[in-house]
Amino acid sequence: QRRMDDSPYYSKNKVDIDTEFDWWSQGYRLLGAFIDCDQLVYQYCSRWMMWAAYVNPNYEGGGFSEYYPNAQSGEEVDYSEYNEI
């Protein structure tokens, strides 16, 4: 039987797939769009997106109000102040 840490894809940063996380502690980021003309598909370049899922290690269980502390319940939220770009 092969050990997991012998795999080239092994990482101590990966989580156990059976672990459950709070919905608000999870997120994803788009890493980029790619066009690959080295491997033609039906005589066309292939296009694909790469994204990464992650769990916020600093999440403290506050749900919506942890990420948007100034928002009132039921209020329309202006997300522009939270943009990271």
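Biologist: To begin with the link of Cys37 and Cys45, is it right-handed or left-handed, and what is the angle about the S-S bond?

Modeller: Bearing in mind that this is a predicted model, the link of Cys37 and Cys45 is right-handed, with 105° about the S-S bond.

Biologist: How do you know that Cys37 and Cys45 are joined by a disulfide?

Modeller: The two sulfur atoms are 1.9 Å apart, and a pair of cysteine sulfur atoms within 2.5 Å is called a disulfide, so Cys37 and Cys45 are joined by one. The count by this rule comes to one disulfide.

Biologist: How is the chain laid out, and which elements does it have?

Modeller: The chain has one helix and two strands, and from the N terminus on the elements run β-β-α. Of its 85 residues, 9% count as buried.

Biologist: What makes Ser25 a buried residue?

Modeller: The relative accessible area of Ser25 is 4%, and buried means under 20%, so Ser25 is buried. Ser25 is found in the segment before β1, the strand of residues 26-41. Leaving aside residues up to four places away in sequence, Ser25 touches Tyr54, Val55, Asn56, Tyr59 and Tyr67.

Biologist: Which backbone oxygen does the side chain of Ser25 reach, and how do you know that this is a polar contact?

Modeller: The side chain of Ser25 reaches the backbone oxygen of Asp22 at 2.7 Å, and the cut-off for a polar contact is 3.5 Å, so the pair falls within it.

Biologist: Turning to strand β2, why is Ser46 called buried?

Modeller: Ser46, which lies in strand β2 (residues 44-55), has 18% relative accessibility; the limit for buried is under 20%, and Ser46 therefore counts as buried. Its contacts, not counting residues up to four places away in sequence, are Phe34, Ile35, Asp36, Gln39 and Val41. One of these, Ile35, is 11 residues from Ser46 in sequence and 5.7 Å from it in space, C-alpha to C-alpha.

Biologist: And what makes Arg47 exposed?

Modeller: Arg47 also lies in strand β2, and its relative accessibility is 67%; exposed means over 50%, so Arg47 counts as exposed. When residues up to four places away in sequence are not counted, Arg47 touches Phe34 and Ile35. Arg47 and Ala33 are 14 residues apart in sequence, and their C-alpha atoms are 7.3 Å apart in space.

Biologist: Which residues form the nonpolar patch on the surface, and why can they be called a patch?

Modeller: The patch is formed by Tyr28, Leu30, Met49 and Trp51, which together have about 530 Å² of accessible area. Patch residues have over 30% relative accessible area and no salt bridge, and nonpolar side chains are joined within 5 Å, so the name rests on these conditions. Strands β1 and β2 each supply at least two residues of the nonpolar patch, and Met49 is found in β2.

Biologist: How much of the accessible surface of the whole chain belongs to carbon and sulfur atoms?

Modeller: Carbon and sulfur atoms hold 51% of an accessible surface that comes to about 8400 Å².

Notes
Residues are numbered from 1 along each chain as its sequence is written. This is a predicted model: local features need pLDDT of at least 70, side-chain atom pairs count only at pLDDT 80 or more; totals for chains, interfaces and linings use all residues. Side-chain values use heavy atoms; hydrogens and water are left out. Helices (H or I, at least four residues) and strands (E, at least two) are DSSP runs, numbered from the N terminus. Buried means under 20% relative accessible area, exposed over 50%, partly exposed in between (1.4 Å probe, protein chains only). A polar contact is a pair of N or O atoms within 3.5 Å; within protein, one must be able to donate a hydrogen and the other to accept it, and residues adjacent in sequence count only if both atoms are side-chain atoms. Contact means heavy atoms within 4.5 Å. Accessible areas come from the Shrake-Rupley method with a 1.4 Å probe; for residues, only the protein chains shown count as cover. Patches are made of residues with over 30% relative accessible area and no salt bridge: like charges are joined within 9 Å, nonpolar side chains (Val, Leu, Ile, Met, Phe, Trp, Tyr) within 5 Å. A salt bridge is a side-chain nitrogen of Lys or Arg within 4 Å of a carboxyl oxygen of Asp or Glu.
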